[in-house]
Amino acid sequence: MYRKHFNGMIVFWLALLLASPLYAEPERQASGMELSAEQSGDEDADKPRVPTFAIEGDLAGELSVISTRYEDTFAAIGNRDSLGYLELVKANPGVDPWLPGEGTRITVPRHYVLPDVKREGIVINLAEYRLYYFTRDGVQVYPVGVGTEDNPSPLTDAEVTMPLESPAWYPPASIRAEYEADGDYLPRMIPPGPDNPLGSHALMLSEKGYLIHGTNKLFGVGMQVSHGCFRMYNEDISRFVYEVSKGTPVRVIREPVKIGLKGNEVWMEVHRPEEEYSKQDRDRLWREVSTAVEEFRGKVPGVEVQRMSIELAVDQADGLPRMIGERVTRVANETAEQLHNTPDGEDGREQQLWF
């Protein structure tokens with residue numbers, strides 16, 4: 001692994017990186033020490049600090065409640081317990097995220113409707129700032145920082161090509177040009193260490209120029225903060241790289257509305273993109289919810305949903321799963337498919353729960 005001591009002037013320039021974003025472009029971004037098979041089998045390193053939840057139908061996990069200490073902030077709680085800042089804010093309306101106070105009870109949002117994709121490897125849902133890692137035992141869910149609207153993360157099907165320890169960062173030419181335009185200087189390579197935006201570990205992806213990596217910042221995981229790459233807490237990525245092998249599939253999606261079944265119960269999870277909830281975002285989510293409900297009813301016959309429950313899910317858009325209906329058992333001589341294709345009222349019965 002290449003380590004080089006910069007002189008005093010370069011150290012000063014590196015300090016500027018603490019406030020600089022990480023860009024992602026189709027050119028080399030990082031290099032470092034590749035993890036060996038022996039390292040990947042380290043028993044202490046491969047224990048994740050997040051739970052592995054059993055999958056129940058299309059849902060996993062559960063909500064819980066904790067009491068805050070006087071010095072707690074949502075950013076500190078997120079860093080300590082591997083939760084995203086925005087998911088804590090949205091799950092706890094009315095609580096000051098920077099001074100919740102001593103003994104305030106807050107909801108820990110670890111209950112999930114799983115994304116509607118194949119459950120294998122890594123799935124990153126940009127709409128909820130979460131990474132799902134599917135294992136033989138269930139699923140682990142990590143908060144991630146993703147690309148901004150101006151520099152979005154790619155929607156892609158990729159795979160892990162190499163896990164790295166102590167990565168060095170090679171800023172793309174566009175970043176160096178931007179610094180130069182501002183009268184600053186950025187070296188062609190930032191070595192491993194506390195000033196490196198890639199943090200302690202990284203996963204290189206086949207989507208050229210994009211990484212799943214740590215960070216040298218304590219704030220921003222679980223938000224739109226990067227220029228395309230996926231940021232994890234160092235405490236998470238330093239363990240996660242030992243879980244993930246080369247060739248692991250990585251699918252990046254954007255799914256702000258998720259619907260699934262747990263037994264005969266129908267559950268919905270809706271995510272707004274920001275802490276504030278604009279009318280534009282609300283209208284867009286209503287359209288997406290309407291489409292998602294109709295598509296779900298088309299795939300799962302015999303489903304009845306309650307409009308009031310759906311309205312609440314959209315009104316809050318807090319990322320917490322809500323039960324919105326059920327799959328109804330029909331009598332033997334009436335199939336669910338026949339009822340689904342029958343317009344309301346044609347069978348002589350009022351269908352009050354249809355959305």
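Tyrosine 132 and phenylalanine 134 are both buried (under 20% relative accessible area with a 1.4 Å probe, protein chains only; over 50% is exposed, and in between is partly exposed). The model is a predicted one, so to speak of local features takes a pLDDT of at least 70 and side-chain atom pairs count only at pLDDT 80 or more, while totals for chains, interfaces and linings use all residues. Residues are numbered from 1 along each chain as its sequence is written, and side-chain values use heavy atoms, with hydrogens and water left out.

On to the rings. The whole structure turns up eight aromatic pairs (Phe, Tyr and Trp rings, the six-membered one for Trp, with centres within 6.5 Å; planes under 30 degrees apart are stacked, over 60 edge-to-face, the rest tilted). One of them joins tyrosine 85 and phenylalanine 219 edge-to-face, at 5.0 Å centre to centre and 70° between the planes. Tyrosine 85 sits in helix α4 and phenylalanine 219 in the loop between β13 (211-213) and β14 (224-226), so this pair ties together parts 134 residues apart in sequence (helices, H or I of at least four residues, and strands, E of at least two, are DSSP runs numbered from the N terminus). Tyrosine 85 is buried at 6% relative accessibility, whereas phenylalanine 219 is partly exposed at 38%. Tyrosine 132 and phenylalanine 134 are stacked, with ring centres 6.4 Å apart and planes at 15°.

Strand β9 (residues 138-143) gives the most to the lining, three residues. Serine 82, from the loop between α3 (74-81) and α4 (85-91), is buried at 1% relative accessible area.

Strand β17 (residues 257-262) has five of its six residues buried, so it is largely enclosed by the rest of the structure. β17 pairs with β18 (residues 265-270) in the antiparallel sense over six bridges (pairing takes at least two DSSP bridges). Lysine 258 stands opposite glutamate 269 of β18.
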